[in-house]
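Here is a friendly briefing to read beside the model. Please keep the sequence and the 3D view open as you go.

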Amino acid sequence: MELRELGGTGLRVSPVGFGASPLGNVFGDIPRDVARATVRRALDLGINFFDTSPYYGGTVSESVLGDSLRFAAVPRDSFVIATKCGRYKEGFDFSAGRVTRSIDESLARLGLEYVDILHCHDIEFTNLDQIVNETIPALLKIKESGKARFIGITGLPLSIFTYVLDRVPPGSIDLILSYCHYGINDTALVNLLPYLESKGVGVISASPLAMGLLMDNGPPDWHPAPEELK
């Protein structure tokens with residue numbers, strides 16, 4: 001499979017990544033043998049980019065993804081893995097202390113010494129000034145420690161990205177992850193690309209099927225779309 005450089009990170013990733021929220025049983029129960037086989041099949045097809053979070057399934061996604069990668073017995077440098085911090089089953093906590101503990105917890109569940117990318121997860125649910133003044137400086141310290149190679153921010157409203165990127169020192173944030181804004185029903189992310197390029201920030205477009213909205217089976221019950229759109 002073709003590999004593409006992700007922003008200015010130097011990471012070379014498959015154009016299609018493996019979103020591991022389903023491994024946390026977010027869309028239905030996934031038996032462990034099925035999870036392992038799915039990750040193995042993805043690797044065999046050339047997918048080398050995996051994305052997870054402690055929020056997905058209340059830490060289950062990270063644990064199952066880590067187990068599946070160990071079961072696949074592939075070299076660490078053959079895959080790129082991203083996880084997140086700040087959003088948990090218990091709620092949101094973007095404090096410096098919590099995100100610093102969070103990376104250690106994630107690494108333990110994944111069975112890794114470092115992640116390639118650590119994102120602040122869904123930052124629109126907190127005061128964005130906290131992200132600028134407290135969370136990003138904490139993540140930069142994590143980056144300096146070697147526990148995460150690059151850092152990013154994620155969320156649904158596109159306006160959050162410009163707010164934060166305009167207020168942090170240049171180069172502080174390597175990547176953004178935007179979801180549900182680049183698919184057949186919504187292409188709003190395209191309008192933001194020139195700005196992100198000017199900031200030297202790489203772009204990950206997640207959930208092209210709009211969190212299940214565009215799947216044959218329809219979206220899950222928790223989907224936030226209006227009923228008429230579902």
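Predicted model: local features only at pLDDT ≥ 70, side-chain atom pairs only at ≥ 80, totals over all residues.

Residues are numbered from 1 along each chain as its sequence is written, and side-chain values use heavy atoms, with hydrogens and water left out. Helices (DSSP H or I runs of at least four residues) and strands (DSSP E runs of at least two) are numbered from the N terminus.

**Parallel strands and their crossovers**

- Let's begin with strand 8 (residues 115-120), which is mostly covered, with 6 of its 6 residues buried.
- Strand 9 is largely enclosed by the rest of the structure, because 7 of its 8 residues are buried.
- Moving on to strand 10, you will find 4 bridges that tie it to strand 9, again in parallel, with Leu175 as the strand 10 bridge partner of Gly152.
- From strand 9 the chain passes through helix 5 (residues 159-165) to strand 10 in a right-handed β-α-β crossover.
- Strand 8, helix 4 and strand 9 also form a right-handed β-α-β unit; right-handed means that, with the strands pointing away from the viewer, the path from the first strand over the helix to the second runs clockwise.

**Ile131 in helix 4**

- Is Ile131 buried or exposed? Ile131 is buried, at 0% relative accessible area, and belongs to helix 4 (residues 128-145).
- Leaving out residues up to four places away in sequence, Ile131 touches Phe94, Ile123, Thr126, Ile136, Pro137 and Val164; contact here means heavy atoms within 4.5 Å.
- For a sense of scale, 24 Å separates the C-alpha atoms of Ile131 and Gly57, which are 74 residues apart along the chain.

**Salt bridges**

- How many salt bridges does the structure hold? There are 13 salt bridges, each being a side-chain nitrogen of Lys or Arg within 4 Å of a carboxyl oxygen of Asp or Glu.
- Asp67 and Arg36 meet through their side chains at 2.8 Å, N to O. This pair links distant parts of the chain, with Asp67 in helix 2 (residues 60-72) and Arg36 in helix 1 (residues 32-44), 31 residues apart.
- Within that pair, Asp67 is buried at 13% relative accessibility, whereas Arg36 is partly exposed at 25%.
- Arg76 forms a salt bridge with Asp116, the closest N and O atoms being 2.9 Å apart. Here too distant parts of the chain are linked: Arg76 is in the loop between helix 2 and strand 5, and Asp116 is in strand 8, 40 residues apart.
- Asp116 is buried, with a relative accessible area of 2%.
- Lys147 and Asp104 form a salt bridge whose closest N and O atoms are 2.8 Å apart. They also link distant parts of the chain, with Lys147 in the loop between helix 4 and strand 9 and Asp104 in helix 3 (residues 96-110), 43 residues apart.
- Both ends of this pair are partly exposed, Lys147 at 30% relative accessibility and Asp104 at 36%.

**A nonpolar surface patch**

- Which residues make the nonpolar surface patch? Tyr182, Val190 and Leu193 make it, and its area is about 260 Å².
- Patch residues have over 30% relative accessible area and no salt bridge; like charges are joined within 9 Å and nonpolar side chains (Val, Leu, Ile, Met, Phe, Trp, Tyr) within 5 Å. Accessible areas come from the Shrake-Rupley method with a 1.4 Å probe, and for residues only the protein chains shown count as cover.
- Tyr182 is found in the loop between strand 10 (175-179) and helix 6 (193-198), and Tyr182 is partly exposed at 47% relative accessible area.

Notes:
Buried < 20%, exposed > 50% of the residue type's maximum accessible area, 1.4 Å probe, protein only. Pairing = 2+ DSSP bridges.
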